[in-house]
Amino acid sequence: MRSILVTGGAGFIGANFVAYLRSKRPDARVTVLDKLTYAGNIENLKAVEKETGFNFVKGDITDAPLVESIFAKEAIDAVAHLAAESHVDRSITGPKAFIETNVLGTFTLLETAKRHWLSDGALKAHGARFLHVSTDEVYGSLGDEGYFTEKTAYSPNSPYSATKAGSDHLVRAYFHTYGLPVITTNCSNNYGQYQFPEKLMPLVIINALKGAPIPVYGDGRNVRDWLYVEDHCEALYLALEHGALGETYNVGGRSERANIDIVRRVCSMIDEAVKDKGLAALYPCDKPRESLITFVKDRPGHDRRYAIDCSKIEAQLGWSPRHSFEDGLQRTVDWYIANRRWWERILSGEYMRFYESNYGARLKERS
Ligand code: NAD
Ligand code: DAU
């Protein structure tokens, strides 16, 4: 039986991954370690939080004694490391937290895993595995042609991607130097349920619903490769269980889109959904929502294009994206419409008050 530590499990991908993991491995023990920063949300784990074999610890991955106590108490033999500061815009205005969490936090986890799993250079914890979840942004920006492969040279352009690149290099070094059993994945842009409403997709959906201006950076022609979050979770699970040690796997949706095209498509989907679901009184807007698009000043150092060649994980682990972009987007739009309370509570600050009164004391007791 595995005892899996999921860092950042209360965040967007982390919460989706925990749900996926529970469905695939109900026998495994799952411990989530999450600091519950502004991006973490304990409500994202509502479906699993009371299940036997699930354990939540509120804490910081840079807190070495805490990480040590979790490894010892839970006999951790697998790590899925998702905790990170993840938003590029925030890394531009405040890079320090990114260095602390993404670099020092990863270092703390690697050191602890090394202490527990290795002895005199040999692996004493047989079958132990450390999955490091990273991003395609470490490769920098593409021109109009070409794809990122696992062999593409690193060229990070934002403080966020520089810290993720730093963490990737540390993970690689712990494999080559110490023999730590690591696997790294580098994934493209995710979208889906529970994504914090600062990222493009949920921000556009919510602003379109509310009839608020939709900010598009620069000329809107920057291209991202979009992957529905459940497909990413499947890739992470396969990499954790079956990935070759020391290898990296690129994960992507084979679904390149210019930002402006995505924004236009979301606007039309919301127009249709509001009409079809009879929600016009709740979400009034007397013109097509495309008219809400507002071009704003570009993000400094804005990477022009990302595109992933995911043929390695397809060939070696039998993974491929199951959801088309249209299908994933429709599911996402429907989820945000059905879960208005979730995002309203976050945007109003009510979630933080709710969290303190409902979970604060209990989480302090547990951690
Ligand atoms: P997120 O910002 O939604 O969630 C991050 C989680 O980490 C939050 O729950 C937060 O509370 C927690 N956290 C932050 N600092 C912490 C710390 N010091 N200690 C413990 N917990 C801490 O991020 P996400 O979008 O879910 O991304 C998860 C991972 O996947 C990140 O490593 C990110 O780099 C990577 N990734 C994200 C995407 C994407 O499109 N979102 C794509 C590729 C890779
Ligand atoms: O590529 C993977 C990365 O994708 C992850 O590693 C990051 O954690 C994740 O945040 C995401 O980074 P991006 O910078 O690509 O995502 P974001 O949603 O912030 O922006 C997507 C694109 O949309 C980008 O080109 C900037 C643009 N944008 C974004 C926002 C928030 C806008 O035009 N307007 C906006 O308001």
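Me: A residue is near a molecule or strand if one of its heavy atoms lies within 4 Å of it. Which residues come closest to ligand 1?
Reply: This is a predicted model, with local features needing pLDDT of at least 70 and side-chain atom pairs 80 or more, while totals for chains, interfaces and linings use all residues. Residues count from 1 along each chain as written, chains are lettered from A and ligands numbered from 1 in written order, and side-chain values use heavy atoms, without hydrogens or water. Ligand 1 is surrounded by 28 residues. The closest of them are Ile13, Asp34, Ser86, Tyr160 and Lys164.

Me: How far is a nitrogen atom of ligand 1 from the side chain of aspartate 60?
Reply: A polar contact is a pair of N or O atoms within 3.5 Å; within protein, one must be able to donate a hydrogen and the other to accept it, and sequence neighbours count only through two side-chain atoms. The atom on the side of aspartate 60 is an N or O atom in its side chain. Its distance from the nitrogen atom of ligand 1 is 2.9 Å.

Me: How much of the accessible area of ligand 1 does the protein cover?
Reply: Accessible areas come from the Shrake-Rupley method with a 1.4 Å probe. On its own, ligand 1 has 840 Å² of accessible area.

Me: Which residues come nearest to ligand 2?
Reply: There are 23 residues around ligand 2. Those that come nearest are Thr135, Asp136, Tyr160, Arg299 and His302.

Me: How far is an oxygen atom of ligand 2 from the side chain of tyrosine 160?
Reply: For ligand 2, a backbone N or O atom of serine 86 lies 2.7 Å from an oxygen atom. A side-chain N or O atom of arginine 224 is 2.9 Å from an oxygen atom of the ligand. For an N or O atom in the side chain of tyrosine 160, the distance is 2.6 Å.

Me: How much of the area of ligand 2 does the protein bury?
Reply: Taken alone, ligand 2 exposes 680 Å². Of that area, the protein buries 94%.

Me: Is asparagine 55 buried or exposed?
Reply: Asparagine 55 lies in strand β3, residues 54-58 (helices, H or I of at least four residues, and strands, E of at least two, are DSSP runs numbered from the N terminus). Its side chain makes a polar contact of 3.0 Å with the side chain of glutamate 74. Buried means under 20% relative accessible area, exposed over 50%, partly exposed in between. With a relative accessible area of 11%, asparagine 55 is therefore buried.

Me: What is the phi of alanine 75?
Reply: Most residues other than glycine have a negative phi. Alanine 75 sits in the loop between α2 (64-74) and β4 (78-81) and counts as exposed because its relative accessibility is 52%. Although alanine 75 is not a glycine, its phi is positive, at about 45°.

Me: Where is tyrosine 194 placed?
Reply: Tyrosine 194 has a positive phi near 75° in a residue other than glycine. Its place is in the loop between β9 (189-191) and α6 (200-210).

Key
Buried < 20%, exposed > 50% of the residue type's maximum accessible area, 1.4 Å probe, protein only.
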